[in-house]
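Have the structure open and follow along.

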Amino acid sequence: MTRAFRVLLINPRATYAFEIAQKCYPPLNLLYLATALRQHCVDVRVLEANALAMTDEQIAEATRAYQPDLVGVPLYTEIMAPVYRMVSALAQAVPGTRFVFGGPHASALPDRVLADYPQVDFVMRGESELSFPALCKALQEGADLAGVKGLSFRKDGVVTHNPPADFARDLDATGFPARDLVMDVYEQKKYYTLLVRQRPVDTIMTSRGCPFHCNFCYNQNHHYRHRSTDHVMEEIVAIRQRGIRNVEIVDDTFTFQRDRAMEIFDRLIREGLGISFRIKSRVNVVDEEFLAKARAAGAYLIAYGCESGDDDMLRRMNKRTRAADNERAIR
(Lines give C-alpha, C1' and ligand atoms only; values in the text may rest on other atoms or scores of the structure.)
Protein backbone atom coordinates (compact mmCIF):
# COMPACT_ATOMS: atom_id res chain seq x y z
CA MET A 1 0.00 0.00 0.00
CA THR A 2 1.38 3.39 -0.99
CA ARG A 3 2.05 5.65 1.98
CA ALA A 4 0.45 9.09 2.17
CA PHE A 5 2.31 12.06 0.71
CA ARG A 6 4.26 13.73 3.52
CA VAL A 7 4.61 17.48 3.97
CA LEU A 8 6.66 19.23 6.64
CA LEU A 9 5.76 22.88 7.22
CA ILE A 10 8.49 24.76 9.05
CA ASN A 11 7.91 28.01 10.92
CA PRO A 12 11.40 29.52 10.58
CA ARG A 13 13.16 31.39 13.35
CA ALA A 14 12.62 35.13 13.57
CA THR A 15 15.72 37.30 13.74
CA TYR A 16 15.11 37.65 17.49
CA ALA A 17 14.35 33.96 18.19
CA PHE A 18 17.15 33.66 20.75
CA GLU A 19 16.26 36.93 22.49
CA ILE A 20 13.34 38.16 24.60
CA ALA A 21 10.91 39.19 21.90
CA GLN A 22 7.88 41.44 22.21
CA LYS A 23 5.67 38.50 21.27
CA CYS A 24 5.63 34.99 19.87
CA TYR A 25 2.42 33.84 18.23
CA PRO A 26 1.23 30.55 16.69
CA PRO A 27 1.89 30.25 12.93
CA LEU A 28 -1.75 30.54 11.82
CA ASN A 29 -0.69 30.59 8.17
CA LEU A 30 0.88 27.13 8.44
CA LEU A 31 -1.90 25.76 10.63
CA TYR A 32 -4.53 26.74 8.07
CA LEU A 33 -2.42 25.14 5.34
CA ALA A 34 -2.19 21.99 7.44
CA THR A 35 -5.98 21.86 7.74
CA ALA A 36 -6.31 22.17 3.96
CA LEU A 37 -3.74 19.44 3.36
CA ARG A 38 -5.45 17.09 5.81
CA GLN A 39 -8.70 17.58 3.94
CA HIS A 40 -6.88 16.09 0.92
CA CYS A 41 -5.41 13.14 2.85
CA VAL A 42 -1.89 14.55 3.03
CA ASP A 43 0.24 13.52 6.03
CA VAL A 44 1.37 16.87 7.42
CA ARG A 45 3.42 18.07 10.36
CA VAL A 46 4.33 21.55 11.58
CA LEU A 47 7.80 22.20 13.00
CA GLU A 48 7.77 25.22 15.30
CA ALA A 49 11.40 26.23 14.91
CA ASN A 50 10.69 29.80 15.97
CA ALA A 51 8.88 29.34 19.28
CA LEU A 52 11.22 26.50 20.28
CA ALA A 53 14.32 28.41 19.08
CA MET A 54 15.56 25.33 17.24
CA THR A 55 19.02 25.31 15.69
CA ASP A 56 19.58 24.31 12.06
CA GLU A 57 20.98 21.01 13.32
CA GLN A 58 17.85 20.29 15.37
CA ILE A 59 15.63 21.20 12.41
CA ALA A 60 17.65 18.89 10.16
CA GLU A 61 17.40 16.05 12.67
CA ALA A 62 13.61 16.41 12.91
CA THR A 63 13.31 16.55 9.13
CA ARG A 64 15.48 13.46 8.68
CA ALA A 65 13.33 11.55 11.17
CA TYR A 66 10.10 12.43 9.33
CA GLN A 67 11.43 11.95 5.77
CA PRO A 68 8.98 14.35 4.09
CA ASP A 69 8.31 14.40 0.37
CA LEU A 70 8.00 18.18 0.44
CA VAL A 71 9.16 20.86 2.86
CA GLY A 72 7.26 24.15 2.96
CA VAL A 73 8.67 27.38 4.41
CA PRO A 74 7.17 30.90 4.54
CA LEU A 75 9.75 33.51 3.51
CA TYR A 76 9.92 37.01 4.95
CA THR A 77 12.41 39.62 3.78
CA GLU A 78 14.13 40.10 7.14
CA ILE A 79 14.99 36.40 7.53
CA MET A 80 16.28 35.63 4.04
CA ALA A 81 19.84 34.87 5.18
CA PRO A 82 19.03 32.51 8.08
CA VAL A 83 16.43 30.70 5.96
CA TYR A 84 19.08 30.20 3.27
CA ARG A 85 21.38 28.57 5.82
CA MET A 86 18.56 26.44 7.20
CA VAL A 87 17.47 25.17 3.77
CA SER A 88 21.08 24.45 2.82
CA ALA A 89 21.46 22.33 5.95
CA LEU A 90 18.22 20.49 5.19
CA ALA A 91 19.21 19.81 1.59
CA GLN A 92 22.35 18.08 2.87
CA ALA A 93 20.58 16.24 5.70
CA VAL A 94 17.72 14.90 3.58
CA PRO A 95 18.92 14.73 -0.03
CA GLY A 96 16.21 14.45 -2.63
CA THR A 97 13.61 16.31 -0.57
CA ARG A 98 11.88 19.08 -2.49
CA PHE A 99 11.31 22.56 -1.08
CA VAL A 100 8.53 25.07 -1.63
CA PHE A 101 8.52 28.66 -0.42
CA GLY A 102 5.49 30.86 0.19
CA GLY A 103 4.74 33.98 2.14
CA PRO A 104 5.04 37.71 1.40
CA HIS A 105 8.58 37.88 0.05
CA ALA A 106 8.29 34.78 -2.12
CA SER A 107 4.91 35.91 -3.48
CA ALA A 108 6.25 39.36 -4.36
CA LEU A 109 9.57 38.26 -5.92
CA PRO A 110 9.31 34.64 -7.12
CA ASP A 111 11.97 35.05 -9.86
CA ARG A 112 14.46 36.52 -7.42
CA VAL A 113 13.74 33.85 -4.81
CA LEU A 114 14.26 30.97 -7.27
CA ALA A 115 17.50 32.62 -8.41
CA ASP A 116 18.80 33.25 -4.89
CA TYR A 117 17.79 29.84 -3.49
CA PRO A 118 18.98 27.09 -5.84
CA GLN A 119 17.84 24.48 -3.28
CA VAL A 120 14.20 25.59 -3.63
CA ASP A 121 12.10 23.89 -6.30
CA PHE A 122 8.83 25.82 -6.09
CA VAL A 123 7.25 29.09 -5.02
CA MET A 124 3.56 29.25 -4.14
CA ARG A 125 2.25 32.78 -4.68
CA GLY A 126 -0.61 34.20 -2.64
CA GLU A 127 -3.06 32.25 -0.49
CA SER A 128 -2.35 28.54 -0.86
CA GLU A 129 -5.10 26.54 0.85
CA LEU A 130 -6.49 25.62 -2.57
CA SER A 131 -3.27 25.44 -4.59
CA PHE A 132 -0.95 23.68 -2.13
CA PRO A 133 -2.98 20.42 -2.10
CA ALA A 134 -3.00 20.56 -5.91
CA LEU A 135 0.80 20.74 -5.91
CA CYS A 136 1.05 17.74 -3.59
CA LYS A 137 -1.32 15.73 -5.78
CA ALA A 138 0.62 16.59 -8.95
CA LEU A 139 3.95 15.65 -7.35
CA GLN A 140 2.60 12.39 -5.96
CA GLU A 141 1.10 11.38 -9.31
CA GLY A 142 3.94 12.73 -11.45
CA ALA A 143 1.45 14.97 -13.25
CA ASP A 144 2.10 18.13 -15.25
CA LEU A 145 2.63 21.12 -12.94
CA ALA A 146 1.09 23.53 -15.44
CA GLY A 147 -2.30 23.01 -13.85
CA VAL A 148 -1.24 24.14 -10.36
CA LYS A 149 -2.38 27.73 -9.99
CA GLY A 150 -0.14 30.18 -8.18
CA LEU A 151 2.95 28.04 -8.77
CA SER A 152 6.31 29.35 -9.96
CA PHE A 153 9.00 26.81 -10.85
CA ARG A 154 11.92 26.11 -13.13
CA LYS A 155 11.23 24.32 -16.40
CA ASP A 156 14.14 23.60 -18.74
CA GLY A 157 16.19 26.18 -16.92
CA VAL A 158 13.58 28.91 -17.27
CA VAL A 159 11.28 30.12 -14.49
CA THR A 160 7.64 29.50 -15.33
CA HIS A 161 4.76 31.31 -13.62
CA ASN A 162 1.38 29.61 -13.65
CA PRO A 163 -1.79 31.76 -13.47
CA PRO A 164 -2.59 33.26 -10.04
CA ALA A 165 -4.02 31.02 -7.36
CA ASP A 166 -7.68 31.10 -6.46
CA PHE A 167 -8.42 32.33 -2.96
CA ALA A 168 -10.89 30.92 -0.47
CA ARG A 169 -14.18 32.77 -0.74
CA ASP A 170 -16.06 30.91 2.01
CA LEU A 171 -13.82 31.26 5.05
CA ASP A 172 -16.12 29.18 7.23
CA ALA A 173 -15.51 26.24 4.87
CA THR A 174 -11.74 26.43 5.36
CA GLY A 175 -12.19 25.01 8.85
CA PHE A 176 -10.21 25.88 11.95
CA PRO A 177 -6.40 26.00 12.02
CA ALA A 178 -4.79 22.67 13.03
CA ARG A 179 -3.64 23.79 16.46
CA ASP A 180 -3.19 20.19 17.59
CA LEU A 181 -0.01 20.06 15.48
CA VAL A 182 1.68 22.56 17.83
CA MET A 183 -0.16 21.60 21.03
CA ASP A 184 3.14 20.78 22.73
CA VAL A 185 4.24 24.36 22.13
CA TYR A 186 1.03 25.67 23.69
CA GLU A 187 1.57 23.38 26.67
CA GLN A 188 5.10 24.70 27.12
CA LYS A 189 3.58 28.22 27.16
CA LYS A 190 5.88 29.42 24.40
CA TYR A 191 3.21 31.63 22.84
CA TYR A 192 3.09 34.99 24.60
CA THR A 193 3.10 38.75 24.40
CA LEU A 194 4.94 40.93 26.90
CA LEU A 195 1.82 42.96 27.69
CA VAL A 196 0.01 39.88 29.01
CA ARG A 197 0.88 38.01 32.19
CA GLN A 198 -0.90 34.77 31.47
CA ARG A 199 0.56 32.26 29.03
CA PRO A 200 -0.09 30.94 26.52
CA VAL A 201 -1.87 33.50 24.37
CA ASP A 202 -3.59 32.62 21.12
CA THR A 203 -4.54 34.28 17.86
CA ILE A 204 -7.61 34.21 15.66
CA MET A 205 -8.30 35.41 12.12
CA THR A 206 -11.88 36.55 11.45
CA SER A 207 -11.39 38.11 7.99
CA ARG A 208 -8.89 38.26 5.15
CA GLY A 209 -7.87 40.84 2.64
CA CYS A 210 -7.91 44.62 2.82
CA PRO A 211 -9.90 46.80 0.40
CA PHE A 212 -7.54 49.75 0.81
CA HIS A 213 -4.49 50.45 -1.37
CA CYS A 214 -1.87 52.04 0.88
CA ASN A 215 1.31 52.41 -1.16
CA PHE A 216 3.64 50.98 1.48
CA CYS A 217 1.70 47.82 2.33
CA TYR A 218 2.83 44.26 1.61
CA ASN A 219 -0.77 43.08 1.28
CA GLN A 220 -1.72 42.72 -2.37
CA ASN A 221 -4.92 40.82 -1.62
CA HIS A 222 -7.68 43.41 -1.78
CA HIS A 223 -10.49 40.85 -1.83
CA TYR A 224 -12.01 41.37 1.60
CA ARG A 225 -13.82 38.32 3.01
CA HIS A 226 -15.03 37.55 6.51
CA ARG A 227 -16.16 34.59 8.56
CA SER A 228 -19.63 34.35 10.07
CA THR A 229 -20.01 35.49 13.66
CA ASP A 230 -21.17 32.00 14.67
CA HIS A 231 -18.01 30.45 13.21
CA VAL A 232 -15.78 33.00 14.95
CA MET A 233 -17.50 32.44 18.28
CA GLU A 234 -17.20 28.66 17.96
CA GLU A 235 -13.43 29.02 17.63
CA ILE A 236 -13.18 31.49 20.51
CA VAL A 237 -15.15 29.11 22.74
CA ALA A 238 -12.79 26.26 21.81
CA ILE A 239 -9.79 28.45 22.67
CA ARG A 240 -11.35 29.40 26.02
CA GLN A 241 -12.08 25.75 26.83
CA ARG A 242 -8.34 25.11 26.65
CA GLY A 243 -7.86 27.63 29.46
CA ILE A 244 -6.59 30.48 27.30
CA ARG A 245 -7.96 33.88 28.23
CA ASN A 246 -6.03 36.23 25.94
CA VAL A 247 -6.38 36.41 22.17
CA GLU A 248 -5.11 38.67 19.42
CA ILE A 249 -7.42 39.21 16.46
CA VAL A 250 -4.89 39.32 13.64
CA ASP A 251 -7.11 40.67 10.85
CA ASP A 252 -5.48 43.38 8.75
CA THR A 253 -8.58 45.52 9.25
CA PHE A 254 -10.96 43.99 11.78
CA THR A 255 -13.01 47.20 11.89
CA PHE A 256 -13.64 47.49 8.14
CA GLN A 257 -17.26 46.45 8.62
CA ARG A 258 -18.29 48.27 11.76
CA ASP A 259 -21.63 46.44 12.17
CA ARG A 260 -19.94 43.04 11.99
CA ALA A 261 -17.32 44.04 14.58
CA MET A 262 -20.06 45.34 16.88
CA GLU A 263 -21.97 42.07 16.45
CA ILE A 264 -18.92 40.09 17.57
CA PHE A 265 -18.53 42.42 20.57
CA ASP A 266 -22.20 41.90 21.49
CA ARG A 267 -21.78 38.12 21.34
CA LEU A 268 -18.66 38.22 23.51
CA ILE A 269 -20.49 40.33 26.08
CA ARG A 270 -23.53 38.03 26.04
CA GLU A 271 -21.48 34.81 26.29
CA GLY A 272 -19.44 36.13 29.23
CA LEU A 273 -16.33 34.13 28.29
CA GLY A 274 -13.91 36.37 30.14
CA ILE A 275 -11.70 36.75 27.06
CA SER A 276 -9.27 39.64 26.77
CA PHE A 277 -8.24 40.60 23.26
CA ARG A 278 -6.46 43.15 21.10
CA ILE A 279 -7.33 44.37 17.62
CA LYS A 280 -5.99 46.52 14.78
CA SER A 281 -7.91 49.39 13.23
CA ARG A 282 -7.73 52.33 10.91
CA VAL A 283 -8.05 55.62 12.79
CA ASN A 284 -11.01 56.98 10.82
CA VAL A 285 -13.53 54.23 11.62
CA VAL A 286 -13.71 54.36 15.42
CA ASP A 287 -15.78 56.53 17.73
CA GLU A 288 -16.62 56.55 21.43
CA GLU A 289 -19.57 54.17 21.05
CA PHE A 290 -17.42 51.63 19.21
CA LEU A 291 -14.54 51.82 21.68
CA ALA A 292 -16.83 51.60 24.71
CA LYS A 293 -18.41 48.42 23.38
CA ALA A 294 -15.00 46.98 22.48
CA ARG A 295 -13.84 47.60 26.04
CA ALA A 296 -16.96 46.02 27.51
CA ALA A 297 -16.36 42.96 25.31
CA GLY A 298 -12.82 42.54 26.64
CA ALA A 299 -10.59 44.63 24.38
CA TYR A 300 -7.55 45.90 26.26
CA LEU A 301 -5.48 47.26 23.38
CA ILE A 302 -6.15 48.68 19.93
CA ALA A 303 -3.30 49.20 17.46
CA TYR A 304 -3.85 52.10 15.07
CA GLY A 305 -2.17 52.47 11.70
CA CYS A 306 -1.22 56.14 12.12
CA GLU A 307 1.81 55.92 9.78
CA SER A 308 2.52 59.69 9.81
CA GLY A 309 1.55 62.96 11.47
CA ASP A 310 1.91 64.88 8.22
CA ASP A 311 -1.06 65.24 5.88
CA ASP A 312 1.09 65.51 2.76
CA MET A 313 2.92 62.28 3.64
CA LEU A 314 -0.39 60.52 4.32
CA ARG A 315 -1.62 61.66 0.91
CA ARG A 316 1.54 60.34 -0.74
CA MET A 317 0.98 57.02 1.02
CA ASN A 318 -2.60 56.91 -0.30
CA LYS A 319 -3.59 56.28 3.31
CA ARG A 320 -6.91 58.14 2.97
CA THR A 321 -6.67 59.46 6.51
CA ARG A 322 -5.54 62.75 8.01
CA ALA A 323 -3.34 63.69 10.95
CA ALA A 324 -6.48 64.99 12.68
CA ASP A 325 -7.98 61.48 12.40
CA ASN A 326 -4.93 60.09 14.20
CA GLU A 327 -5.29 62.62 17.04
CA ARG A 328 -9.03 62.10 17.39
CA ALA A 329 -8.75 58.30 17.54
CA ILE A 330 -5.97 58.39 20.11
CA ARG A 331 -7.85 60.87 22.32
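Let's start with Cys-41, which sits in the loop between helix H1 (28-38) and strand S3 (43-48). Helices (H or I, at least four residues) and strands (E, at least two) are DSSP runs, numbered from the N terminus. This is a predicted model, where local features need pLDDT of at least 70, side-chain atom pairs count only at pLDDT 80 or more, and totals for chains, interfaces and linings use all residues. Residues are numbered from 1 along each chain as its sequence is written, and side-chain values use heavy atoms, leaving out hydrogens and water.

- Most residues other than glycine have a negative phi, and most peptide bonds are trans.
- Cys-41 isn't a glycine, yet its phi is positive, at about 65°.
- Cys-41 counts as exposed because its relative accessibility is 67% (exposed is over 50% relative accessible area, buried under 20%, partly exposed in between, with a 1.4 Å probe and protein chains only).
- Ala-53 also has a positive phi, near 50°, and you'll find Ala-53 in the loop between S3 and helix H2 (56-66).
- With a relative accessible area of 21%, Ala-53 is partly exposed.
- Going from Arg-199 to Pro-200, the peptide bond is cis, with omega near -5°.
- Pro-200 belongs to the loop between strand S9 (192-193) and strand S10 (202-204).

**The buried side of H12**
- Which residues of helix H12 (residues 323-330) are buried? They are Asp-325, Asn-326 and Ala-329.
- These residues lie on the same side of H12, because they cover an arc of only 105° around the axis (taken from the directions from the helix axis to the C-beta atoms).
- Their cover includes strand S15 (299-304) and helix H11 (311-317).

Note on methods. Contact means heavy atoms within 4.5 Å.
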